[in-house]
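Visitor: Please walk me through this one. I want each label set against its definition.

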Amino acid sequence: MMKKFVLILALFFSGFSIVYAQADDDPRGEKIQALKIAFITQKLNLTTDEAQKFWPVYNQYDQEIRGVDRTDVIPSEEKLLNIRKKYQPSFEKVIGPQRLNKLFNAERDFRTVLIRRLKDRQGQRLNSLRR
C-alpha cells in the first residue's frame with residue numbers, strides 16, 4: 001500500500017516542472033524532496049516498516065550532507081565521506097549492507113535525473129525564446 005502511494009505521488013509530481021531550490025520552505029524544494037523520497041523508496045524497495053525506520057535516519061544524514069560547505073572541493077569530499085561512514089551502521093541496521101550501496105547509487109541517480117530534467121527544461125525555454 002505504501003509503495004503504491006509513493007509511486008502515485010512520484011508520478012503526480014513528475015508532471016510538474018522541476019526546478020532546483022535550496023530553501024527548505026520553497027514549494028519547489030518540497031516537490032523535489034517528495035520526488036527524491038519516492039525515487040529512493042522505489043530503488044531500495046522499502047517496506048512500510050523499513051520506511052518508518054529509515055526516513056528519520058536518512059533525514060538526519062541528509063541535513064548533515066546539505067550543511068557541508070562545497071566551495072573547497074577536497075575538504076568537502078572528505079567531510080561527505082566521513083558523514084557517510086558515520087551513518088553507515090545506522091543504515092545497515094535498517095536496510096542491511098547490500099542495500100546500503102543501492103542507497104548511495106540511488107542518490108547519485110536521482111541527482112543525474114534531476115540535472116537532466118533541468119537541462120531539458122532550459123533547452124526548451126531557449127528554443128521557445130528563439131522562435
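Visitor: What are the ground rules?
Guide: This is a predicted model, in which local features need pLDDT of at least 70 and side-chain atom pairs count only at pLDDT 80 or more, while totals for chains, interfaces and linings use all residues. Residues are numbered from 1 along each chain as its sequence is written, and side-chain values use heavy atoms, with hydrogens and water left out.

Visitor: Where is confidence highest, and where is it lowest?
Guide: pLDDT is the predictor's confidence in each residue, from 0 to 100. Helix α3 has the highest mean, 93. Helix α1 (residues 2-14) has the lowest, 47. Residues 6-24 fall below 50, yet this stretch has 36 contacts in the model beyond near neighbours in sequence. Where pLDDT is low, the predicted coordinates should not be read in detail. The protein averages 82, and 80% of the residues score at least 70.

Visitor: How many helices and strands are there?
Guide: Four helices and zero strands. Both are DSSP runs numbered from the N terminus: helices are H or I with at least four residues, strands are E with at least two. Along the sequence the pattern reads α-α-α-α.

Visitor: Why is glutamate 50 called buried?
Guide: Buried means under 20% relative accessible area, exposed over 50%, and partly exposed in between (1.4 Å probe, protein chains only). Glutamate 50 has 18%, so it counts as buried. This residue lies in helix α3 (residues 48-66).

Visitor: Why is glutamine 33 buried?
Guide: Its relative accessible area is 19%, so the label is buried. Glutamine 33 sits in helix α2.

Visitor: What does glutamate 50 touch, not counting residues up to four places away in sequence?
Guide: Asn45, Val94 and Arg99. Contact means heavy atoms within 4.5 Å.

Visitor: What does the side chain of glutamate 50 reach at 2.9 Å?
Guide: The backbone nitrogen of threonine 47. A polar contact is a pair of N or O atoms within 3.5 Å; within protein, one must be able to donate a hydrogen and the other to accept it, and residues adjacent in sequence count only if both atoms are side-chain atoms.

Visitor: Where does α3 bend?
Guide: At phenylalanine 54, by about 30 degrees, with proline 56 following within four residues. The bend is the angle between axes fitted to the seven residues ending there and the seven starting there.

Visitor: What do the buried residues of α3 pack against?
Guide: α2 (27-44) and α4 (73-130). Phe54, Trp55 and Tyr58 are among the buried residues of α3.
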